[in-house]
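Please examine the structure below together with its sequence.

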Amino acid sequence: LLPSLPTLTVLVPLLSLAGLFYSASVDETFPQGCTSTTSVCFYSLLLPVTVPVYVFFHLWTWMGIKLFRHN
């Protein structure tokens, strides 16, 4: 069975964050220069993550407004 949407909304970011922390701290193949916020590499990893998250929450907000107006 698929978990509910609110459950997925909480679980997916937490699992992604745990995977990122694991990769940055344990994995030897993770680029070491990417852990500093002053490096360009850090932002090259941050941007591909930020865009889908922004789109998801923008659509989530839009859907909430639509449901609020029609109920």
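Q: What makes the largest pocket a pocket, and what is its volume?
A: In this predicted model, the largest pocket has a volume of about 650 Å³. Of its 22 lining residues, S16, L17, L20, V49 and V53 are the closest to its centre. On a 1 Å grid over the protein atoms alone, a pocket is an open set of points with protein on both sides within 12 Å along at least five of seven lines, and lining residues have an atom within 4 Å of a point. A volume is the space filled by probe spheres set on the points, which are joined across faces, edges and corners.

Q: Which helix gives the most to the lining of the largest pocket?
A: α1 does, with 11 residues, although α1 and α2 each supply at least two. Helices are DSSP runs of H or I with at least four residues, numbered from the N terminus.

Q: Why is F56 called partly exposed?
A: F56 lies in helix α2 and has a relative accessible area of 36%. Buried means under 20%, exposed over 50% and partly exposed in between (1.4 Å probe, protein chains only), so F56 is partly exposed.

Q: What share of the protein chain is buried?
A: Buried residues make up 6% of the 71 residues.

Residues are numbered from 1 along each chain as its sequence is written. Local features need pLDDT of at least 70, side-chain atom pairs count only at pLDDT 80 or more, totals for chains, interfaces and linings use all residues, and side-chain values use heavy atoms, without hydrogens and water.

Key:
On a 1 Å grid over the protein atoms alone, a cavity is a set of points where a 1.4 Å probe fits but cannot get out, and a pocket is an open set with protein on both sides within 12 Å along at least five of seven lines; lining residues have an atom within 4 Å of a point.
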